[in-house]
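Please keep the sequence open while you read.

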Amino acid sequence: MDIPEILLITFAGLAAIPTLVFTMQILLAAGVGDTEIGRYGRRPSIAVLMPAHNEAAIIGETLGSILPQLVANDRLLVVADNCTDETSAIAKECGAYVIERRNENLRGKGYALDFGLQCLAKQNPPEVVIIIDADCQVSSDCIDTLARRASSENRPIQALYLMQAPAIKSVTQAIAEFAWVVKNQVRPLGFKRLGLSCQLMGTGMAFPLNVLSDVNLAHGNMVEDMKLGIDLALKGFAPIFCPDALVTSEFPTSAQVTATQRTRWEHGHLATIFAETPRLLKAAIQRRDASLLAMALDLSVPPLSVLGLMLLILFGFAGVLTLVYGTTLTLSIVGVITAIFAVAALLAWYRFGRKILAFKTLCAAPFYMLRKIPLYLAFIVKRQQDWVKTERR
């Protein structure tokens, strides 16, 4: 076997790991299963913590979905972070308690959350803190469900967080919405059916206050949610997925804003894979901890566009080697891995995505992936490293 073939088979083996993890999650999620039932014990005292940066256009609607779910002794704290609009005034008018933070040098959601937690800890600390972004809507009983579950389990609880495209959507928007469903609903549901943990998703997160007592949030990490979930898992508090609680948001309508948002998410996601997967694997081996191993494997699955492109590129190189060397072994190996990925994605679409996009739209996914090549090349040559606020329009 020649060196090019050995290298290609090695890369195919590396791509097979996230492909098989992804496939297992889809198969488990696609099975029939009952939703969770029950209140999970008593209702603890609650503080909803909402970081907000220039969210005047949407924060009133968000607060309107949360405030009716709060009872006596509950609190809703809005951290107006470096705001230059009417966010603070609107939040106060709606009935929220508002604190303002101004620091142009230390920017990012993590700093706002840390500032808010320090405020909550000073007087009558709540038993459970629920973090909701200022541009989200929560389902009825979402706050109650998350709080009771966090108190009962003494672990972080992650709601089902979905982003929705407009009713009349482009092919790109439909594919992006489906990819979000796969990432935030289907894959966590698959692991949940094995009793395994999930990644934190940035909003709809509930924490017993004691769990957050020794965690550093004051940083500008672009995907502070993933980082927080990993840090907590390493401390023995791996997050639990709770699909009964639903939080929704909308994709930006502007193509430029969407591109900025996607760059932040995907560059941050890829950077976290490289930085945190080895740390999780090392801890899993040292502690012989299956839950940490599962989280490492889950984290190893890159954005679907990245994984799909990797397999397409490997398949192309394998085809060239077949023509040059006349052997079909490498092409067969890569072909099987690619086919497994394609079948898993098709199953995810059939069970969870048919209402989001038509089959003919799904067939355009390879072209969607190809369009994202510049984004991934930028990760290599000019990676976005600083936190950037996603505007609404």
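1. How many helices and how many strands are there in the protein? The protein has 14 helices and eight strands, where helices (H or I, at least four residues) and strands (E, at least two) are DSSP runs, numbered from the N terminus. Please bear in mind that this is a predicted model, in which local features need pLDDT of at least 70 and side-chain atom pairs count only at pLDDT 80 or more, while totals for chains, interfaces and linings use all residues. Residues are numbered from 1 along each chain as its sequence is written, and side-chain values use heavy atoms, with hydrogens and water left out.

2. On overall form, the radius of gyration of the protein is 22 Å, which agrees with the value near 21 Å that a compact globule of 393 residues would have; this radius is taken over C-alpha atoms, and the globule rule is 2.2 Å times the number of residues to the power 0.38. Of the 393 residues, 54% count as buried, meaning under 20% relative accessible area with a 1.4 Å probe and protein chains only.

3. The eight strands form an open sheet with mixed pairing, in the order β3-β2-β1-β4-β7-β6-β8-β5, and two strands are said to pair if DSSP finds at least two bridges between them. The edge strands, β3 (97-101) and β5 (137-138), each pair on one side only.

4. Is strand β6 (residues 157-164) mostly covered or mostly uncovered? It is mostly covered, since seven of its eight residues are buried. On one hand, β6 pairs with β7 (residues 205-208) in the antiparallel sense over two bridges, where Q158 stands opposite M205; on the other, β6 pairs with β8 (residues 240-250) in the parallel sense over eight bridges, and A159 has C242 as its bridge partner there.

5. The second largest pocket has a volume of about 970 Å³. Of the 29 residues that line this pocket, the closest to its centre are L270, F274, P302, V306 and M310. The largest share of the lining, eight residues, comes from α1.6. As for the terms in the last point, a pocket is found on a 1 Å grid over the protein atoms alone, as an open set of points where a 1.4 Å probe fits, with protein on both sides within 12 Å along at least five of seven lines, and lining residues have an atom within 4 Å of a point. The volume is the space filled by probe spheres set on the points.

Note on methods
Buried means under 20% relative accessible area, exposed over 50%, partly exposed in between (1.4 Å probe, protein chains only).
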